[in-house]
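Try each task before you read its solution.

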Amino acid sequence: MSAPEARMSAPRTDLPPPPPRSAGTWLLLAALAALVVASFASLPLQWRAFFTAEAIDSAREFLSGFAPPDTSAPFVRKTFAAFWETLAMSAIGTLLAALAGLPLALAGAGRLGRVARAGTRLVLNVLRSIPELVWAAVLLVLAGLGPMAGTLALAAHTAGVLGRLFADALENVEPHAEQSLRTNGARPLAAFLYATLPQALPQMLSYTLYRWENNIRAAAVLGVVGAGGLGQMLKYHLSLFQMPSAATVVLAMLVLVALVDAASYLLRRALTR
Amino acid sequence: MLELDQLTKSYGGRAVLAGLSHGFKAGEFVAIMGESGVGKSTLLNLIAGLDAPDGGRVIVDGTPMSSLDDDAATRLRRTRMGFIFQAFHVLPHLTLRQNVALPLLLNHASPEPAGAMLDAVGLHGRGEDFPRQLSGGELQRVAIARALVHRPALLLADEPTGNLDPDTANGILQLLRSETRAHGAGAIMVTHSHAAAAMADKVLLLTSSGLKLA
């Protein structure tokens, strides 16, 4: 063995030995393992049922119903219209959420005092704790069936999420730049606009694009409760067992999600470069 | 041009400044030294009107700072004072030219002199660079250019060489000295460094009993 090899294979003596695990740690790990085993044992999971010849035949028969997708021109045109409707719902919902989230974030970041901060954080918690589906159910009663209710449902939930993320982004900005501008005689608004907002903006735009990606998927789900778009078409054709048509809608959803993912990734990369 | 009259300031019941009085002449370069916690940065904040004294007065050009509301104090800082900090505080998303032009824009003046100011501090041709492309010494040069571009009467510097190696610090101090002289500005520099203090016209020692010549 050469000298360098010997040095590399020799045990390192410059690091202290790792701390010994206490008996309590081992007991805790054993208890966690026992809980996992007990969880599986207590549930009536019939793994074998997935792999019986009957189950495999049923699945094959069900899935083969989707092929080939319905590619007739009228249906493709109809799917394309729903595709745009879903895209528009997610884009407008996210835009409205970002517009509402920014002023909420200013108050939520303590820019308007402690009382406003606590009150706004509570409002943001409520907005984002209620899932889009529940918002949609409520708004369908108010706005009727269609994309309007879906768009507003996305906007309400996402405003809660973006408001919180924007507020955290503003609070996490290094404060000295704004303080230094204030010291140099800038008014509070000018110091905020020149120093703090530009530092937080790339992160805020990145959050908004990421939520847009999420809202594409959410918009498709909201369609199931009657809020328009591809989701509504999917529910309709599945409920009538028109599997080729449902397959076309599912493919349109896949294309939409892939396109928005790619666009969002490229935009975020450009913003954070 | 600057008069401190019986200034007192306490934090949590502990007196930091107790009846401090001193006069500063226009164009004078003064270094203030003292132990940590004795109140050097507090004194700079009181002079700038960023903090209010518990008692006594800070008088700038015959005007007591205490008589000014927040807007007027902001305006006074913007037009009559410049600041340099230990950690530079240059805005990362603006070019060097935009950073230096900020005090001019805040004063609704033309940003034109920013380029010449960058030349004066040895950053010729770097106006379109961003702060991330600069070393610590170069960043402090930008801070000096930004502090002097609007021709303030008084420059306040809080440990301006605290983050720099001795050679770079020496270059920055000489630049600070020559540029304040060229602009006819006075300067009050808080420092722990004897080498930095040696560049000043006058060195004052801040102790619990007040300011005295070192």
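**Exercise 1.** Which residue in E7(B) does Phe83(B) stand opposite?

*Solution.* This is a predicted model: local features need pLDDT of at least 70, side-chain atom pairs count only at pLDDT 80 or more, and totals for chains, interfaces and linings use all residues. Residues are numbered from 1 along each chain as its sequence is written, with chains lettered from A and ligands numbered from 1 in the order in which they are written.
- Start with the strands, which are DSSP E runs of at least two residues, numbered from the N terminus.
- E6(B) and strand E7 (residues 154-158) of chain B pair in the parallel sense over 5 bridges; pairing takes at least two DSSP bridges.
- Opposite Phe83(B) stands Leu156(B).

**Exercise 2.** Explain why strand E6 (residues 81-85) of chain B is largely enclosed by the rest of the structure.

*Solution.* 
- A residue is buried if 20 or more other C-beta atoms, placed from the backbone, lie within 10 Å of its own.
- In E6(B), 5 of the 5 residues are buried, so the strand is largely enclosed.
- Met81(B), Phe83(B) and Phe85(B) point one way, Gly82(B) and Ile84(B) the other.

**Exercise 3.** Find which residues touch the most other members of the largest nonpolar core.

*Solution.* 
- Such a core joins buried Ala, Val, Leu, Ile, Met, Phe, Trp, Tyr and Cys residues through C-beta atoms within 7 Å.
- The largest has 69 residues.
- Val100(B), Met117(B), Ala143(B), Ala145(B), Leu155(B) and Leu156(B) touch the most other members.
- A second, separate core of 49 residues includes Ala105(A) and Leu152(A).

Methods
A residue is buried if 20 or more other C-beta atoms lie within 10 Å of its own, exposed if 12 or fewer, and partly exposed in between; C-beta atoms are placed from the backbone. Helices (H or I, at least four residues) and strands (E, at least two) are DSSP runs, numbered from the N terminus.
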